Amino acid sequence: KSMTTLVLMRVIRDLGPVATDQIGTAFEERAGWRITERGLYRTLRRLAGSDLLEATEEPVARTGVKRNLFTLTESGGAYLARLDAAVLPT
């Protein structure tokens, strides 16, 4: 679970603001394993509820359907820096 959080937050930091489908694809490329759609949405909601991510709605071109774009909050950036320091000590 903690490695999933770390990889997801790195993806969002590097690509944000980023849509859920792009997060899932980038996660699989970086982690080398697949995350279920349910697991991805659940983790994104948990991180947003913890004020580590911010979700903003944007209408999709041609359809007008709204999708969430995720970015790290200031707290999320600080948390990710602490995780990176713990995983990759210098």
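The model is a predicted one. The largest pocket has a volume of about 200 Å³, and helix α2 gives the most to its lining.

**Salt bridges**

- Asp84 pairs with Arg10 in a salt bridge whose closest N and O atoms are 2.6 Å apart. This pair links distant parts of the chain, with Asp84 in helix α4 (residues 74–87) and Arg10 in helix α1 (residues 2–15), 74 residues apart.
- Asp84 has a relative accessible area of 15% and is therefore buried, the cut-off being under 20%.
- Arg13 also meets Asp84 through its side chain, in a salt bridge of 3.3 Å from N to O. Here too distant parts of the chain are linked, since Arg13 is in helix α1 and Asp84 in helix α4, 71 residues apart.
- Arg13 forms a further salt bridge with Asp14, with the closest N and O atoms 2.9 Å apart.
- Arg13 is partly exposed, at a relative accessible area of 42%. Asp14 is partly exposed as well, at 41%.

**Largest pocket**

- The lining of the largest pocket consists of 13 residues. Thr20, Asp21, Gly24, Glu37 and Leu40 lie nearest the centre of the pocket.
- Helices α2 and α3 (37–49) each supply at least two residues of this lining. The contribution of α2 is 5 residues, the most of any element.
- By class, the lining has 5 charged, 4 polar and 4 nonpolar residues.

**Thr20, in the pocket lining**

- Thr20 is in helix α2 (residues 20–31) and is among the lining residues nearest the centre of the largest pocket.
- Thr20 has a relative accessibility of 11%, so this residue counts as buried; the cut-off for buried is under 20%.
- Beyond its neighbours within four places in sequence, Thr20 is in contact with Leu40, Tyr41, Leu44, Asn68 and Phe70. Leu40, one of these partners, also lies among the residues nearest the pocket centre.

- Thr4 has its place in helix α1. At 16% relative accessibility, Thr4 counts as buried.
- With neighbours within four places in sequence left aside, the contacts of Thr4 are Phe27, Trp33 and Ile35.
- Thr43 belongs to helix α3. Its relative accessible area is 10%, and Thr43 is therefore buried.
- Thr43 touches Thr5 and Leu8, residues up to four places away in sequence not being counted.
- A polar atom of the Thr43 side chain lies 2.8 Å from the backbone oxygen of Gly39.
- Thr43 and Glu74 are 31 residues apart along the chain, and their C-alpha atoms are separated by 18 Å.

**Val87 and Met3**

- Val87 is found in helix α4. This residue counts as partly exposed, at 42% relative accessibility.
- The C-alpha atoms of Val87 and Met3 are separated by 9.7 Å, while the two residues are 84 residues apart along the chain.

**Backbone details in the loops**

- The peptide bond from Gly16 to Pro17 is cis, with omega near -5 degrees. Pro17 is in the loop between α1 and β1 (18–19).
- Asp51 is not a glycine, yet has a positive phi of about 65 degrees. Asp51 is in the loop between α3 and β2 (53–59), and is partly exposed, with a relative accessible area of 44%.
- Arg62 is another residue other than glycine with a positive phi, near 75 degrees. Arg62 lies in the loop between β2 and β3 (66–72).
- Arg62 has a relative accessible area of 88% and is therefore exposed, the cut-off being over 50%.

Methods: Residues numbered from 1 in each chain as written. Predicted model: local features only at pLDDT ≥ 70, side-chain atom pairs only at ≥ 80, totals over all residues. Heavy atoms only, no water. Helix = DSSP H or I, 4+ residues; strand = E, 2+ residues; numbered from the N terminus. Buried < 20%, exposed > 50% of the residue type's maximum accessible area, 1.4 Å probe, protein only. Contact = heavy atoms within 4.5 Å. Salt bridge = Lys/Arg side-chain N within 4 Å of Asp/Glu carboxyl O. 1 Å grid on protein atoms, 1.4 Å probe; cavity = no way out; pocket = protein on both sides within 12 Å on 5 of 7 lines; lining within 4 Å. Points joined across faces, edges and corners; volume = space filled by probe spheres on them. Nonpolar A, V, L, I, M, F, W, Y, C, P; charged D, E, K, R; others polar. Polar contact = N/O pair within 3.5 Å; in protein donor to acceptor, adjacent residues only side chain to side chain.
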